[in-house]
Amino acid sequence: IPQAPPEFKSGFIGIIGRPNVGKSTLMNQLVGQKIAITSPVAQTTRNRLRGILTTPEAQLIFVDTPGIHKPHHQLGEVLVQNAKIAIESVDVVLFVVDGTVACGAGDRFIAELLSRSQTPVILGLNKVDQQPTDSQQIDDSYTHLAELYQWQTVKFSAKTGLGLPELQNLLIENLDNGPFYYPPDLVTDQPERFIMGELIREQILLLTREEVPHSVAIAIDLVEETPSITRVLATINVERDSQKGILIGKGGSMLKAIGSAAREQIQKLISGKVYLELFVKVQPKWRQSRVSLAELGYRV
Ligand code: GDP
Ligand code: K
Ligand code: MG
């Protein structure tokens, strides 16, 4: 890692907010590459994932977090716990809210959590591209919250990129002088294999019924590079036989659809040809077991 120039700024920025407000979309836009998967399904993001943006004057390390919500099972508790740790271990929190709806109980729960921490907070109002024409009441509901806690506010669209340069400048202003934490050309701290698994999970989220997505965990069994093609073998772990049936589909049609869509995404990721083979395995109650969670690569 090279030595940073004088007056160079760097630091860790935690992206916190309710599920589906656009945290992962925002991180992908800021770093300029799809490293975090996104979908309309809550709990798309399970791990803490770092995205790295290096400019001539600063290095911003974004920590994407699963949305904060009330836990219903052990995986849920792990997710909330990870978000709390994220708040304490970053230099700045970017609290992302959904600008298409007014501030609600979920946002206030998070605001209260954030106000108890010493970490500076910036409130980011996302999805301004989709705000209703008269958004004054919505804006006011968040401005009120920001004034209460004396947080700076910024409006943007993670989808279209509107307002993101201003957001970037505001974040840099809030960082102290510091070193390169990562090589300047790196965009994420996660290995390629992990992102491959996520890209498979993303297609399952997009293509299957609601009962399946939250019960899958992907294991990448093999990545083999040859001069012409990269072979990837992966196992989709599910909890129940019925879920296995849904994932495979009639005559294997669902697994085929998941495989070909995921293969396209993985090809983009590695900029090369990919052969992808998927297996489905039933591993009952993996959610309940911390051991299994750790084995599958989740931080518990
Ligand atoms: P997360 O759960 O907070 O990480 O949210 P995601 O990044 O997965 O996004 C949830 C949904 O909101 C997806 O369908 C995104 O396409 C959508 N979304 C995210 N940002 C924007 C935005 O700026 N504008 C609009 N219209 N939709 C967005
Ligand atoms: K989501
Ligand atoms: Mg996410």
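Modeller: Let's start with β7 and β8, which pair in the antiparallel sense over eight bridges. Strands here are DSSP runs of E with at least two residues, helices are runs of H or I with at least four, and both are numbered from the N terminus. Two strands pair if DSSP finds at least two bridges between them. In general, strands of a sheet pair through backbone hydrogen bonds, either parallel or antiparallel.

Please keep in mind that this is a predicted model, in which local features need pLDDT of at least 70 and side-chain atom pairs count only at pLDDT 80 or more, while totals for chains, interfaces and linings use all residues. Residues are numbered from 1 along each chain as its sequence is written, and chains are lettered from A and ligands numbered from 1 in the order in which they are written.

β7 and β8 belong to an open sheet of three strands, in the order β7-β8-β9 and with mixed pairing. β7 (217-225) and β9 (274-282) are at the edges with a single partner strand each, so one side of each has no neighbour in the sheet. On average, neighbouring strands of this sheet are turned by 15 degrees against each other, direction ignored. Such angles run from 0 to 180 degrees between N-to-C directions, and the axes are lines fitted to C-alpha atoms, for helices over the stretch in contact.

Now look at what packs on the sheet. Helix α6 (residues 192-207) lies across β7 and β8 and runs at about 125 degrees to β7. Helix α7 (residues 241-248) also packs on the sheet, where it touches β8 and β9, and its direction makes about 155 degrees with that of β9.

Val232 is the bridge partner of Val223. Is Val232 buried or exposed? Val232 counts as buried because it has 24 C-beta neighbours inside 10 Å. The cut-offs are these: a residue is buried if 20 or more other C-beta atoms lie within 10 Å of its own, exposed if 12 or fewer, and partly exposed in between, with C-beta atoms placed from the backbone.

Which residues does Val232 touch, leaving aside its neighbours within four places in sequence? Its contacts are Met196, Ile220, Leu222, Val223, Ile266, Val274 and Leu276. Being in contact means that the two C-beta atoms, placed from the backbone, lie within 7 Å.

The C-alpha atoms of Val232 and Lys159 are separated by 30 Å, and the two residues are 73 residues apart along the chain. Lys159 is among the residues that come nearest to ligand 1, together with Gly22, Ser24, Thr25 and Thr38, out of 21 residues around it. Near here means that the C-beta atom, placed from the backbone, lies within 6 Å of the molecule or strand. Helix α1 (residues 23-31) gives the most to this shell, with three residues.

To finish, here is the wider setting. The chain has nine helices and nine strands, and 37% of its 300 residues count as buried. Of the contacts in the chain with a separation of 6 or more, 69% are between residues 24 or more positions apart.
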